[in-house]
Amino acid sequence: MTGPGLTYRLLDGGQAAARAEEFHELHAEVYADPPYRLAGDEDYPRRFAVQRRQPGFVLAEARNGGYLVGYAAGMPLRPSNLVVGWS
């Protein structure tokens with residue numbers, strides 16, 4: 001997605017922590033209504049805090065005119081998270 005005023009930025013865990021409230025607010029807005037509202041999703045801020053401290057965590061944010069309009073985050077899987085032996 002491109003357009004005037006749209007910017008993208010990659011953040012590490014520390015940078016994401018500094019803006020955590022914005023990510024929590026956007027998450028709450030996006031997932032407020034069915035079918036996207038998940039039972040027990042009040043736990044999102046705690047999960048986000050754990051995720052952003054993981055090695056290799058990165059978050060890509062999109063802003064339009066300075067307002068947060070989207071983000072995606074991820075981290076590499078550790079060997080203990082890999083599934084072995086499927087057929």
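Turned away from the buried side of helix H2 is a face that carries the exposed residues Glu21 and Glu29. Here exposed means over 50% relative accessible area, buried means under 20%, and partly exposed is anything in between, using a 1.4 Å probe and protein chains only. The structure is a predicted model, in which local features need pLDDT of at least 70 and side-chain atom pairs count only at pLDDT 80 or more, while totals for chains, interfaces and linings use all residues. Residues are numbered from 1 along each chain as its sequence is written, and side-chain values use heavy atoms, with hydrogens and water left out.

On the buried side, H2 has Ala20, Phe23, His24, Leu26 and His27. Looking down the axis of H2, these residues fall within an arc of 165°, so they line one face of the helix; the arc is that of the directions from the helix axis to the C-beta atoms. They pack against S1, H1, H3, S2 and S3. One of them, His27, counts as buried at 12% relative accessibility. Its C-alpha atom is separated by 9.5 Å from that of Pro45, 18 residues apart along the chain.

Stepping back, the protein comes to three helices and three strands, and from the N terminus on the order is β-α-α-α-β-β. Helices (H or I, at least four residues) and strands (E, at least two) are DSSP runs, numbered from the N terminus. Of the 87 residues in the protein, 24% are buried. Among contacts with a separation of 6 or more, 53% come from residues 24 or more positions apart, a contact being heavy atoms within 4.5 Å.

The three strands make an open sheet in the order S1-S2-S3, with antiparallel pairing; two strands pair if DSSP finds at least two bridges between them. Strand S1 (6-11) and strand S3 (67-74) sit at the edges, each pairing on one side only. On average, neighbouring strands of this sheet are turned by 20° against each other, direction ignored. S2 (residues 58-64) and S3 run antiparallel and are joined by seven bridges. These two strands form a hairpin with two residues between them, and Gly65 in the turn has a positive phi of about 60°. Asn64 has Tyr67 in S3 as its bridge partner. As for the helix described above, H2 lies across S1, S2 and S3 and runs at about 95° to S3. Such angles run from 0 to 180 degrees between N-to-C directions, with axes being lines fitted to C-alpha atoms, for helices over the stretch in contact.

What about the inside? The largest nonpolar core has 10 residues in all: Leu11, Ala16, Ala20, Phe23, Leu26, Tyr44, Phe48, Phe57, Leu59 and Leu68. A core of this kind is a set of buried Ala, Val, Leu, Ile, Met, Phe, Trp, Tyr and Cys residues joined through side-chain atoms within 4.5 Å. Helix H2 (20-30) and helix H3 (44-52) are the elements that give two or more residues to this core, and H2 supplies the largest share, three residues.

H3 has its own buried residues, namely Tyr44, Phe48, Ala49 and Arg52. They cover an arc of only 135° around the axis, which puts them on the same side of H3. Their cover includes helix H1 (13-18), H2, S2 and S3.

Then there are the aromatics. A search of the whole structure turns up four aromatic pairs, where rings of Phe, Tyr and Trp (its six-membered ring) pair if their centres lie within 6.5 Å; planes under 30 degrees apart count as stacked, over 60 as edge-to-face and the rest as tilted. In the case of Tyr44 and Phe48, the ring centres are 5.8 Å apart and the planes are at 25°, so the pair is stacked. These two are four residues apart in helix H3, and are therefore separated by about one helical turn. Both are buried: Tyr44 has a relative accessible area of 7%, and Phe48 has one of 1%. Ring pairs link Phe23, Tyr44, Phe48, Phe57 and Tyr71 into a cluster.
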